[in-house]
There are 2 protein chains.
Amino acid sequence: MRKPTLMDVAAKAGVSYATADRVLNQRGGVAAKSVQRVSDAIELLGYKRDVSAANLARGRTYDFVFFIPSQAGAFFDELRAAVRREAHARLSERITVTLKKIPAFDAERLADALENCVDSKITGVCLVAINSPRVRTAVNALRAKGVIVLTLVADMQVGSRDAYIGLDNRAAGQTAGRLMSLAHRNGGVVLPIAGNLDAVDHADRYAGFLDVLPKTVTVLPIVQSADRPDDVENAVRNAMITYPKLGGIYSIGAGHSGLLAALSGRTKMRPIVILHDLVAHVRTALTDGLVDAVIDQKPDHQIALALDAMKSLSDGDQLPVGFGTIVPSLYLQDNLPPASTGGPTESPTL
Amino acid sequence: MRKPTLMDVAAKAGVSYATADRVLNQRGGVAAKSVQRVSDAIELLGYKRDVSAANLARGRTYDFVFFIPSQAGAFFDELRAAVRREAHARLSERITVTLKKIPAFDAERLADALENCVDSKITGVCLVAINSPRVRTAVNALRAKGVIVLTLVADMQVGSRDAYIGLDNRAAGQTAGRLMSLAHRNGGVVLPIAGNLDAVDHADRYAGFLDVLPKTVTVLPIVQSADRPDDVENAVRNAMITYPKLGGIYSIGAGHSGLLAALSGRTKMRPIVILHDLVAHVRTALTDGLVDAVIDQKPDHQIALALDAMKSLSDGDQLPVGFGTIVPSLYLQDNLPPASTGGPTESPTL
DNA sequence: ACCAAAATGATAGGCGTCAATCATTTTGTT
DNA sequence: AACAAAATGATTGACGCCTATCATTTTGGT
């Protein structure tokens, strides 16, 4: 038997379609016992509203806007590519996605962009947050208009946005530390390198890293490189000279090219190297055996989650607890996910 | 401006709705130049057919059936749970999923079940394949009727099914080997344990494991346990006595309880332990520090992929190359995914 | 230029739901 | 019992597309 429709429900409940509809959509003005009968009928028949038909009737469309910084470094490029892919894939589901590029670290421009879309008919926005009064104000204005606001990768104050989707940086650092421990069961010396410990994400990763390292492992003073490749390169070269038995390097932030430069040519007897984010040149380095492990925050997954969340929230659903916390992926040379295809593939059928 | 409809396309192309429809759905009987004009208009407007509306009009529903063995061991339980979750989540997308339990390793029962659904109106089936003539015949009969057939976890002859979704066992073994290598940079002794090397999945994992281990690591003769916990326990105990410096254990198959029993109480100075499939008690063991790493084949992901694939294929789309190959996930204690909720959660709104 | 064949136009009913209107019946109150 | 308020029934036109039918126009061949 085919899926039951609301007509079937109404018949089963012994009420008219109109009443069943009033119950289903909570329009009010229905006697308690009728509500009960309709609910029972829904339960009994296993009725599930056909959301496609509903959205069609409602003329519902989902218009989402992503604000992603044009920051140097490949990670945000990956994120943007992921947005484009997902957007393309969901075009036929009444979902429209616009991607806006914001100059890196530019709170004013971000605020401008947010303010610009206050009066357009937007369902939800998703931004890499920057902490600034104007940004907060703009976000509040949007939410006051019923627009769903999500933060991605970088959060802002809890309560000022509808949800946050981002890496569990502590867990990421712990994962790195755990792997480093496995490789140093008899102790050893390791070097952590961060961009800037004032950034919460780097600080969290570092804390997680220290969490799990046993006392038998000596942790050198952390290098803060401001993610500048040259500084990273110098720090690594110096460390390898000063501590010939350097057993591991954990690169917490970016500036990978300097690290790779310092390591190049040393595929044998080099420290264990763990770093973050499987961007193209990191993938190459891993494949080539220049580094050992990559901790990834799955940008594709984050974008997919963001879209799902915005859709659910704008439909009035609640998100499950713990939603949005991205558990880090651990990649060695052999379990790399397939490289994402360049652009959205041309689909043969429309 | 809102999303263009087929009406807009027709207007833009300067033809009637009927002609635009004939082009879109390839009904034939359209002059080449009209086809061109419509195609151009589609391109120009960025028209994308609203598949929900289309499916609604067509009365299209997707009826899928999963045949999953009731095999001992928690893995297939997880797989079944994943089917139920996904099925529930997609109920409102005109997708119906039926889950059938097949006695483990029972090719005849599987064939029975497959034959039983030949004449029902099923869109696609997904089975954990067993190699048997009757199964092959039943599958062929289904495919002859236009039913999509997918294999899951265990494959059958290429060409006899539409797609296979399953773990890249070689990569899984390599990942285990790579991790083992990292933990044995100065050499060591490791013990592999498999259920049965005649099973291709176990053999592939073993081969992958050996692939990447350096010569400095000594691999003890592999134990074949037939996945019997007692045998595993004895083998591990013996190995730990015979080789006091045993540095690692790679458990390729099941029979984990025996392994855990042999290890219990030895959280300090025990071999590195790597095993497969993050089922409940393995998760506990990992959290408790009884084992070090788990290689997982992501049953949830496999089910989601299977549903996507069956839907695409039954819509006449092609699958991208490499589709269905599951890259293993590597879990340490700190990057465990959240435990899946017991059943489908009650949704507040219908 | 004639005629059949091919191409195109016009239109209708339906898919399951939403949102709205209006008519009718059932309550509860005094 | 009378009456307003509340509840219910009945119906309708979208939404974007599919499928079908029938009428009309254009084309190609001779």
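Strands here are DSSP runs of E with at least two residues, helices are runs of H or I with at least four, and both are numbered from the N terminus. This is a predicted model, in which local features need pLDDT of at least 70 and side-chain atom pairs count only at pLDDT 80 or more, while totals for chains, interfaces and linings use all residues. Residues are numbered from 1 along each chain as its sequence is written, chains are lettered from A and ligands numbered from 1 in the order in which they are written, and side-chain values use heavy atoms, with hydrogens and water left out.

Strand 3 (residues 124-127) runs parallel to strand 1 of chain A, and four bridges join the two; two strands count as paired if DSSP finds at least two bridges between them. Another residue of strand 3, A:Cys126, stands opposite A:Phe66. Strand 1 also has strand 2 (residues 95-102) as a parallel partner, joined to it by eight bridges, and there A:Tyr62 faces A:Ile95. Stepping back, the open sheet in chain A has six strands in the order 2-1-3-4-5-12, with parallel pairing. Strand 2 and strand 12 (325-326) are at the edges with a single partner strand each, so one side of each has no neighbour in the sheet.

How covered is strand 1 (residues 62-69) of chain A? Eight of its eight residues are buried, meaning under 20% relative accessible area, where exposed is over 50% and partly exposed is in between (1.4 Å probe, protein chains only). In a regular strand, side chains alternate between the two faces of the sheet. Here A:Tyr62, A:Phe64, A:Phe66 and A:Ile68 are on one side, A:Asp63, A:Val65, A:Phe67 and A:Pro69 are on the other, and all are buried.

Now for the charged pairs. A salt bridge is a side-chain nitrogen of Lys or Arg within 4 Å of a carboxyl oxygen of Asp or Glu, and the count over all chains is 34. One of them joins A:Asp315 and A:Arg60 at 3.7 Å, N to O. A:Asp315 lies in the loop between helix 13 (299-314) and strand 12, and A:Arg60 in the loop between helix 4 and strand 1 of chain A, so this pair ties together parts that are 255 residues apart in sequence. A:Asp315 is partly exposed, at 39% relative accessibility. By contrast, A:Arg270 and A:Asp292 are both buried, and the closest N and O atoms of their salt bridge are 2.6 Å apart. There is also a network of salt bridges linking A:Glu108, A:Asp112, A:Glu115 and A:Arg134.

Finally, let's cross to chain B. The contact (heavy atoms within 4.5 Å) takes 45 residues from chain A and 45 residues from chain B. About 4,200 Å² is buried between the chains, 57% of it from carbon and sulfur atoms; this is the accessible area (1.4 Å probe) that two parts lose on being put together, summed over both. Four salt bridges cross the interface, among them B:Arg94 with A:Asp50, whose closest N and O atoms are 2.4 Å apart. Helix 4 (51-58), helix 8 (169-182) and strand 13 (329-331) of chain A each supply at least two residues of the side that touches chain B. Helix 8 gives the largest share, six residues.
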